[in-house]
Amino acid sequence: MLDVAKLELKLNGKTIINDFSLHVDKGEIHGILGENGTGKTTIANLIMGTNNYKPTAGKMTFEGEDISGLSVSQRAQRGITLAWQEPARVEGLTVREYLRLSSRNGEAVLNDSGDELERYLLMVGLEPVQYIGRDIDATLSGGERKRIEMASVLAMRPKLAILDEPDSGIDIVALPLLLNGIVEMNKQGSSVLLITHSERVAEIAHRVSILCAGTIIRTGPPAESSQWFKNNCLTCPHINEPAH
Amino acid sequence: MTSYSVEKEYQGMIDAYEKAGGDKRVLETKDFAKLVVHENRVLANDPIKGLKIDTEETKSGVSVKLTVEKGTKVPRPVHLCFGLLPKEGLQEIIMKVDAQDNSEINVIAHCIFPNAVKVIHKMDADIEIGAGARFDYKETHYHGDDGGIEVIPKAKVKVNKGGLWQSTFALSQGMVGKLDYDFEVVCLEKAIAELTVKAYGKGNDDIKVVEKIHLNGAGARGLAKSRLVLGDKAKAEVRGETYGNAPYARGHVDCMELVNGTEAIARAIPIVSVTNDKAKVTHEAAIGSIDRKQVETLMARGLDEDKAVDVIVKGILR
């Protein structure tokens, strides 16, 4: 479904992403596990086309189409979306409106049914009656905003959801709900690129790739990759030096 | 002034109001208390029990005295509709408001100028909110696309002990033209004032906003808030002033101006002043472009960039 080949990003002469290759199958939850500063969020931005990041080399195709030159909207209209690690707040936009705005190929996915919207909020552990009419503004906590972002992705029913650190700012009570929501979304047909530094989160993936210094250094089953990450990355004295 | 029959004028106002997105039923039925004024002619005056609307037509507009009698709680919003349908003209509204003690009212003013090429709309208001009274005033403008209008709303408001004045001025449909808004509120003991201005400047629109709140009574509270979005060659200057002159007075100035494009000009001048050591007044002013991350958030849900910006602007001006 998503093929990324030999992607490179240089910013101000510094290599941020280097020889990054990745394949995400249709129906797969693919984890990318990496320490802070290894380039995880940059990968999310490159695939989504956000933050004005454009690869300096390499190729990205989605369902066989080269997406490198597409705008963020065009990528979203083809079924790719991104849930930010720190989602933006939009004054004057209610949760209901935000969820309804989710669309694909310009057509509303939702039937505007209140039940449908409420279901997505419940899937991420938010009580609809308390949240559906609220503004997506500074009155929401980071964790609440994060869960609304996930609900919005669920509402979009994307072909590929890129989730950047979905657990950050989420308390331990809500985390299982959020992870269940991701698994449920996957069962409904969405592939997921799950970007995280948490082995716990990576457990729900089908395969997990380890990221170091902007490059994938190994891919395998979640348990095996997490163990390798624990043994090597967490104790690594050569942060972001994959040659070691 | 152009000659119209009253019926035609009234229907013209209703049609223009509906075209601008308003619910025409409020102007068509007697179920809502209302006052409809076209140019200098009163087309409808439907008060209700406890609410008196006295009017006098003048050469260039109308003098209105609106009295909410003591203890009256007006159950439904009262609609004021002012407008001018011809391309040219002057409308001056002289407004006197007496919201007596412990009264409550919600007033929605619709100002309709769909065809303005050379129009001046002025309002001079003298407003007194009684002790414990609550007055909510929303003024929404519907302008055409010519921008040939000058809007000059001025008000002096006094809020007595424990009273509440909330006003919102919104001008986001059509071209602003030239706006010179100046509201000044004096709050006595435990009184509350909240002033909000929202405007979307485009073309060569010229916007000047002054919001002044004097917190003269102990425990008085005030908020001077503005939300402006500017595109094309529009320019705006917003002056939010709050003065804490009594113990435990609390005030805040909150100004946000967003510039979309390279030729619009925004200025914000917050003034906060305290003359009592137990008073506290704060301010925040932000001027900048529309947040890229907000735009990309909506684009990542499938909206194209223009639509995403539109949703964000409408949210800010809501």
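Mentor: Start with Asn12(A), which lies in the loop between strand S1 (2-11) and strand S2 (14-24) of chain A. Keep in mind that this is a predicted model. Asn12(A) is not a glycine, yet its phi is positive, about 50°. Most residues other than glycine have a negative phi. Now check the surroundings. Within 10 Å there are 5 other C-beta atoms, so Asn12(A) is exposed, the cut-off being 12 or fewer.

Tyr248(B), not a glycine either, has a positive phi of about 65°. Its loop runs between strand S16 (235-244) and strand S17 (250-260) of chain B. Tyr248(B) has 17 C-beta neighbours inside 10 Å and counts as partly exposed.

Step back to chain B as a whole. It holds 4 helices and 19 strands. Its radius of gyration is 20 Å, close to the 20 Å from the globule rule for 318 residues, so chain B is as compact as a globular protein of that length. The C-alpha trace spans about 50 × 50 × 35 Å along its principal axes. Buried residues make up 51% of the chain. Of the contacts in chain B with a separation of 6 or more, 77% join residues 24 or more positions apart.

Last, the interface. Here 22 residues of chain A are in contact with 19 residues of chain B. On the chain A side, the elements giving two or more residues include helix H2 (72-77), strand S7 (90-94) and helix H6 (142-156). That side divides into 11 nonpolar, 9 polar and 2 charged residues.

Methods
Residues are numbered from 1 along each chain as its sequence is written. Chains are lettered from A and ligands numbered from 1 in the order in which they are written. This is a predicted model: local features need pLDDT of at least 70, side-chain atom pairs count only at pLDDT 80 or more; totals for chains, interfaces and linings use all residues. The radius of gyration is taken over C-alpha atoms; the globule rule is 2.2 Å times the number of residues to the power 0.38. A residue is buried if 20 or more other C-beta atoms lie within 10 Å of its own, exposed if 12 or fewer, and partly exposed in between; C-beta atoms are placed from the backbone. Two residues are in contact if their C-beta atoms, placed from the backbone, lie within 7 Å. Ala, Val, Leu, Ile, Met, Phe, Trp, Tyr, Cys and Pro count as nonpolar, Asp, Glu, Lys and Arg as charged, and the others, Gly among them, as polar.
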